[in-house]
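The entries follow in the order in which I looked things up.

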Amino acid sequence: MSLNVNRSVSDVFYRYKMPRLQAKVEGKGNGIKTVIVNMAEVAKALGRPPTYPTKYFGCELGAQTLFDFKNERFIVNGSHDAVKLQDLLDGFIRKFVLCPECENPETDLIVSTKKNQVTQGCKACGYHGVLISNHKLMTFILKNPPNLNPATQGSSLTEGKRNKRSKKTNGEGGQENVDDSVDNSLMETSQENNTGAAEEGNDEGWTVDVSEEAVRARMQDLTDGAKNMTISDDLEKTEKERMDIFYALVKRKLEIGVLEKTDDQKELLAEAERLEIKTKAPLVLMELLFDQNALPQAKKYRLLLLRFTLNDKKAQRYLIGGLEQVVVLHKDVLLPRVPALLKLLYDLDILQEASILEWAEKISKKYVSKEMSQEIHDKAAPFIKWLKEADEESSESEESDDDVEIEYNDRAQVTPLKPAAVVTPKASKPDEDGVEDVDIDAI
């Protein structure tokens, strides 16, 4: 069954059609994945390489994508139904297929690797302009421009091989700009008109407003777009690389002495969230901020640590792991002070009771050797014992408070008897006598 490419158009005679997406879920458990069975056909109808919409799905769903070009299998990790993917495809079509002027899908993407930008040309209305988007897919498109044959997309991702293929294709036409000749749409236009060089010149002539102010505004848009693409590109890096980026930022702020300032602390928190490493960030903080003077340093950086650990059990667990590493580095000084360190972090609300007790239950070699972890746990034993006893006393106290409250309520029910025992005052003495006549014990 076919659908309108632009599904907001309900006209049954709409000429631009595409097959309905077919999805098949394979595997189970952690290995479950969704194979988009007819992605090649859908992509052909859209005039885009099948890797583009597949990668778009991965970005939107936060899932990894796999391309098997030989068998035309395009895979998104996880279980996703066809209806949901079809809705996501509408977003891809709106952002990367439809012309912004006439909303027809007769567009081509033109990637300039030299200018590091993507332009869009419409064969229906003649529109030509820079495609400005903050979506993560832009980074993928820049790294993987459309080829002459969409089926070969991704078979060679090296610049050298793309250049050789382009030179071979355009050798007879004498086109010198190898980077722009890679583009599928530009190549098709060049072949139709047999004027490759002239077509390249036409790209520069598509301008609406050439005033200095308009040019400056467009350049600013491109600059902002490039910044956003760089930021989103960080998320394509490994977790270790993202941790290194955060490490460098904390180290720089530590060296210039601004870590106690609120704005700089908020900046660190925002950067950790952007890099999606907030939970593990305490490991970096402990490594950079703590040494043999850990006790005063805990007080000094309390607010910064709280921003990362407050009401976050996982972050607190990573902080304890970082503390273990610091203790090992300064074993002679800090090992005897383990109970005091844990008590201080507990008193400062950086660590919660539940997190400490959970850590105490298991000897782990995740952060330090098992032998050192055992030593640290042994040293912490007195504090752990105190914490458990304090918890038990607190529970007993709460039960006792409940009993008192019930007794108080029983007393409160008979207090209306009190005014009846009070004699109408004429002097201060009869008043006192009246109060003395009330038997409090009886009440």
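For strand pairing I take two strands to pair if DSSP finds at least two bridges between them. The model is a predicted one, and I keep that in mind throughout.

Entry, strands. I looked up β4 (residues 33-36) and β6 (residues 73-77), and found that they pair in the antiparallel sense over four bridges. Within that pairing I followed Val35 and noted that its bridge partner in β6 is Ile75.

Entry, sheet. I then traced the sheet, which is open, has four strands and runs in the order β3-β4-β6-β5 with antiparallel pairing. At its edges I found β3 (23-26) and β5 (65-68), each of which pairs on one side only. Neighbouring strands are turned against each other by 25 degrees on average, direction ignored. I also noted helix α2 (residues 51-61), which lies across β4, β5 and β6 and runs at about 5 degrees to β6.

Entry, helix pair. I turned next to α12 (residues 281-289) and α14 (residues 302-309), whose axes come within 10 Å and cross at roughly 160 degrees. Because angles over 145 degrees count as roughly antiparallel, I recorded α12 as roughly antiparallel to α14. The crossing of these two helices is left-handed. On the α12 side I listed Ala281, Pro282, Leu285 and Leu289 as making the contact, and on the α14 side Leu304, Leu305, Phe308 and Thr309. Sorted by class, the contact of α12 with α14 comprises seven nonpolar residues and one polar residue, with no charged residues.

Terms used: Residues numbered from 1 in each chain as written. Predicted model: local features only at pLDDT ≥ 70, side-chain atom pairs only at ≥ 80, totals over all residues. Heavy atoms only, no water. Axes fitted to C-alpha atoms, helices over the stretch in contact; angles between N-to-C directions. Parallel < 35°, antiparallel > 145°, perpendicular 65-115°, else oblique. Left-handed = near helix turned anticlockwise from the far one by under 90°. Contact = heavy atoms within 4.5 Å. Nonpolar A, V, L, I, M, F, W, Y, C, P; charged D, E, K, R; others polar.
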